[in-house]
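Student: I have a model open and want to check the labels put on it. Can we go through them one by one?

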Amino acid sequence: MRVPLRTPRGLLGRLLTWYSVRTYGDVPDNGLALLHNRPVLWAVLAFERRVATWDRLDPDLKVLAQAGSAEVIGCSWCMDFGYFAAHSEGLDVSKLHEVPRWRDSDVFDARERRVLEYSEAMSATPPAVTDEMAEALRADLGDAAFVELTMMVAVENERSRFNSALGLTSQGFSDRCELPAR
């Protein structure tokens, strides 16, 4: 970690801990990092609440786009938490393990491949999006969902780059989704 991740103190810290443990089973490391700058923490929380209300893009495609972006950037924390969040929302997580191999895997349909290609192209530095990619996705999704897809990939870029730059790695959230052994 590139910033200390301490158990939070004070009322805000106790509230964050209570909510996080109740909701996620643990306090997310990026939340602990954000506690070092409370105005940034509040801004991120407010923004993420608004992002959660967007509903023009199919939720399963949204999860694939986020995973595709996190994979390109190399954010194991985002891959881990993204799987947990998708599973918790009852979304199809069966394909998420194949995201790193999406070009060679036979589990994705043509539209999902276009979403993954787009999220990868958007996450490259510099971005490698082509007019043809955008046109195909607009035809698949419509303009409103295409704009939401584009913003979701941008949001995941922000998340993944923040977490990666701070050295945050998987916390084992996805392990909580598996059925316990008998």
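Student: What separates Arg159 and Glu156 by about one helical turn?

Tutor: Arg159 and Glu156 are three residues apart in helix H8 (residues 143–165), so about one helical turn lies between them. A helix here is a DSSP run of H or I, at least four residues, numbered from the N terminus. This is a predicted model: local features need pLDDT of at least 70, side-chain atom pairs count only at pLDDT 80 or more, and totals for chains, interfaces and linings use all residues. Residues are numbered from 1 along each chain as its sequence is written, and side-chain values use heavy atoms, with hydrogens and water left out.

Student: Why is the contact of Arg159 with Glu156 called a salt bridge?

Tutor: The rule asks for a side-chain nitrogen of Lys or Arg within 4 Å of a carboxyl oxygen of Asp or Glu. The closest N and O atoms of Arg159 and Glu156 are 3.0 Å apart, so the pair meets the rule. Side chains of opposite charge can pair when their charged atoms come close.

Student: Are Arg159 and Glu156 buried or exposed?

Tutor: Buried means under 20% relative accessible area, exposed over 50%, partly exposed in between (1.4 Å probe, protein chains only). Arg159 has 19%, so Arg159 is buried. Glu156, at 5%, is buried too.

Student: How many salt bridges does the rule give?

Tutor: The count comes to nine. One of them pairs Arg114 with Asp140, the closest N and O atoms being 2.6 Å apart. That pair links distant parts of the chain: Arg114 sits in helix H6 (residues 110–123), Asp140 in helix H7 (residues 131–141), 26 residues apart.

Student: What makes Arg114 and Asp140 partly exposed?

Tutor: Their values fall between the two cut-offs. Arg114 has a relative accessible area of 25%, and Asp140 has 28%.

Student: How do you know that Asp143 and Arg138 form a salt bridge?

Tutor: Their closest N and O atoms are 2.6 Å apart, so the pair passes the rule. Asp143 is partly exposed at 45%. Arg138 is partly exposed at 42%.

Conventions
Helix = DSSP H or I, 4+ residues; strand = E, 2+ residues; numbered from the N terminus.
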